[in-house]
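Dear colleague,

Please find below the structure I am handing over to you, together with its sequence. My findings follow directly after it.

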Amino acid sequence: LFRSGEYGHLVEMGNKLVAAEHYAAEELHESTRRLREKWEHLHAKSKERGRNLEETLRLSQALDKFVNDFRDIMSWIRETSDQIGSAELGKDVPGAEALVQRHQELRSEIEARKSAISGALDFGRNLVET
């Protein structure tokens with residue numbers, strides 16, 4: 001592989017030969033110029049690719065977080081929906097009181113999770129817009 005130090009060495013050698021008025025000085029000067037252009041282009045492309053890869057990694061990590069949050073929320077919604085959708089009404093006063101208490105707890109839990117769910121939805125929207 002060609003390394004940065006080798007590039008610098010080649011340019012230095014080319015410049016020395018041009019300065020020493022080597023018989024192929026004009027050709028060496030042009031070759032060195034082209035080498036410098038190609039090296040700078042390669043270096044710029046490499047930096048651009050690095051930035052693109054970093055951005056892709058950042059987005060992949062964000063998407064992974066969103067998917068995990070989404071799964072957790074959907075699992076909780078299914079469980080809560082099953083509990084709320086239950087036809088059980090209680091067989092006696094203590095049973096009915098327990099069901100009312102559990103229903104109030106579920107309502108409180110729904111309210112408590114509302115901001116987390118809204119945050120996950122906003123996060124997902126931001127991912128789509130990115």
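In what follows, helices are DSSP runs of H or I with at least four residues, strands are runs of E with at least two, and both are numbered from the N terminus. Please note that this is a predicted model.

Overall architecture

On that definition, the elements of the chain run α-α-α from the N terminus on. The radius of gyration is 33 Å, well over the 14 Å that the globule rule gives for 130 residues, so the chain is more spread out than a compact globule. The element count is three helices and zero strands. Along the principal axes, the C-alpha atoms fill a box of roughly 110 × 25 × 20 Å.

Confidence

The mean pLDDT of the chain is 89, and 97% of the residues reach 70 or more. Where is confidence lowest, and where is it highest? The lowest mean, 81, belongs to helix 1, while helix 3 (residues 93-129) has the highest, at 92.

Surface, contacts and charge

Of the 130 residues in the chain, 12% are buried. The accessible surface comes to about 10,700 Å², and carbon and sulfur atoms account for 56% of that area. Among contacts with a separation of 6 or more, 62% are between residues 24 or more positions apart.

Two individual residues

Glu21 is found in the loop between helix 1 (4-19) and helix 2 (25-84). Although Glu21 is not a glycine, it has a positive phi of about 55 degrees. Is this residue, Glu21, buried or exposed? Its relative accessibility is 68%, and exposed means over 50%, so Glu21 counts as exposed.

Thr80 lies in helix 2. Because its relative accessibility is 7% and the cut-off for buried is under 20%, Thr80 counts as buried. Which residues is Thr80 in contact with, once its neighbours within four places in sequence are left aside? They are Leu106 and Ile110. Both of these positions fall within the range of helix 3, residues 93-129.

Yours sincerely

Definitions and conventions. Residues are numbered from 1 along each chain as its sequence is written. This is a predicted model: local features need pLDDT of at least 70, side-chain atom pairs count only at pLDDT 80 or more; totals for chains, interfaces and linings use all residues. Side-chain values use heavy atoms; hydrogens and water are left out. Buried means under 20% relative accessible area, exposed over 50%, partly exposed in between (1.4 Å probe, protein chains only). Contact means heavy atoms within 4.5 Å. The radius of gyration is taken over C-alpha atoms; the globule rule is 2.2 Å times the number of residues to the power 0.38. Accessible areas come from the Shrake-Rupley method with a 1.4 Å probe; for residues, only the protein chains shown count as cover. pLDDT is the predictor's confidence in each residue, from 0 to 100.
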